[in-house]
Amino acid sequence: KTMFVGDVIAIDQPQKTNLTEEVRKTSRKDLLKDVAESDMIVFMPKGDKPEHVVTVFTDVDCGYCRKFHSEMDSYLKQGIEVRYMPFPRAGVDSDSYNKAATVWCSKDPKESMNKAKLTETFKADKTLCSKKSVIDNSLNIVRKLGLNGTPALLLEDGTLIPGYMPADKLKATLDELSKRNNTNNHT
């Protein structure tokens, strides 16, 4: 006869922890743990190991996704590894879906992503390859995550940031979350 809708907040803690969000974060991480890196397009910073890793659900035709990609060097210089997953918002069999498949199927997906994001002349190849299942799997994850916009940034701890964020602000957010998570793990 009744239903409760909303987040459960622990108010007896100094940080007022959102317990519902903590469960969501775990669920988000679980959804990505079985995705092979080969199914993503990964841009790595120079050096041994990135400071942070961000999974970005992206649409080739999204303006803010293009802005994010045009600033890729800034993210990489901040020590942030960017892992793209496809999210053609127009759905299956759309031009955006075909463009995503063209990017993921190319011999050099990173270069193809650069062309798709940074030029106005990129066209979809109508002959879809075996990577179509990668696009479909990503769309299934998108549905489970409840995403409806791009870019959607999923951080290592499962935090979801909807929309574009400049590199310096993202780095500060990642550093703060990392510091907070390390503090919580030692208490």
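1. Lys171 has a relative accessible area of 13% and is therefore buried (buried: under 20% relative accessible area; exposed: over 50%; partly exposed: in between; 1.4 Å probe, protein chains only). Its salt-bridge partner is Asp175, with the closest N and O atoms 3.0 Å apart (a salt bridge is a side-chain nitrogen of Lys or Arg within 4 Å of a carboxyl oxygen of Asp or Glu). Asp175 is partly exposed, at a relative accessible area of 31%. Both residues belong to helix H7 (residues 167-185), where they are four residues apart, about one turn of the helix. Helices (H or I, at least four residues) and strands (E, at least two) are DSSP runs, numbered from the N terminus.

2. Basis of the values. The model is predicted: local features need pLDDT of at least 70 and side-chain atom pairs count only at pLDDT 80 or more, whereas totals for chains, interfaces and linings use all residues. Residues are numbered from 1 along each chain as its sequence is written, and side-chain values use heavy atoms, with hydrogens and water left out.

3. The sheet. Five strands form an open sheet in the order S3-S5-S4-S6-S7, with mixed pairing (two strands pair if DSSP finds at least two bridges between them). S3 and strand S7 (160-162) are the edge strands, each pairing on one side only. On average, neighbouring strands of this sheet are turned by 20° against each other, direction ignored. Axes are lines fitted to C-alpha atoms, for helices over the stretch in contact, and angles run from 0 to 180 degrees between N-to-C directions. Within the sheet, S4 and strand S6 (residues 152-155) pair in the antiparallel sense over four bridges. Val56 stands opposite Leu153 of S6.

4. Helices on the sheet. H4 packs on the sheet and touches S3, S4 and S5, its direction making about 130° with that of S5. H6 lies across S4 and S5 and runs at about 100° to S5.

5. The buried set consists of Ser96, Tyr97, Asn98, Lys99, Ala100, Ala101, Thr102, Val103 and Trp104. These buried residues pack against strands S3 (41-43), S4 (52-58) and S5 (80-86), and also against helices H5 (109-118) and H6 (132-145); contact means heavy atoms within 4.5 Å.

6. The H4 and H5 pair. The two helices pack at an angle of about 145°, and their axes are 7 Å apart. H4 contributes Thr102, Val103 and Trp104 to the contact, while H5 contributes Pro109, Ser112, Met113 and Ala116. By class, this contact has five nonpolar, two polar and no charged residues (Ala, Val, Leu, Ile, Met, Phe, Trp, Tyr, Cys and Pro count as nonpolar, Asp, Glu, Lys and Arg as charged, and the others, Gly among them, as polar).

7. Salt bridge within H4. The structure holds eleven salt bridges. In one of them, the side chains of Lys99 and Asp95 meet at 3.5 Å, N to O. Both residues lie in H4, four residues apart, about one turn of the helix. An α-helix has 3.6 residues a turn, so residues three or four places apart point the same way. Lys99 is buried at a relative accessible area of 11%, whereas Asp95 counts as partly exposed at 39% relative accessibility. Lys99 and Asp95 are also linked with Asp61, Arg66 and Glu120 in a network of salt bridges.

8. The side chains of Arg89 and Asp59 meet in a salt bridge at 3.0 Å, N to O. Arg89 lies in the loop between S5 and H4, and Asp59 in the loop between S4 and helix H2 (63-70), so the pair ties together parts that are 30 residues apart in sequence. Asp59 is buried, with a relative accessible area of 2%, while Arg89 is partly exposed, with 42%.

9. The peptide bond from Thr150 to Pro151 is cis, with omega near -10°; Pro151 is found in the loop between H6 and S6. Asp93, a residue other than glycine, has a positive phi near 70°. Asp93 lies in the loop between S5 and H4 and counts as exposed at 60% relative accessibility.
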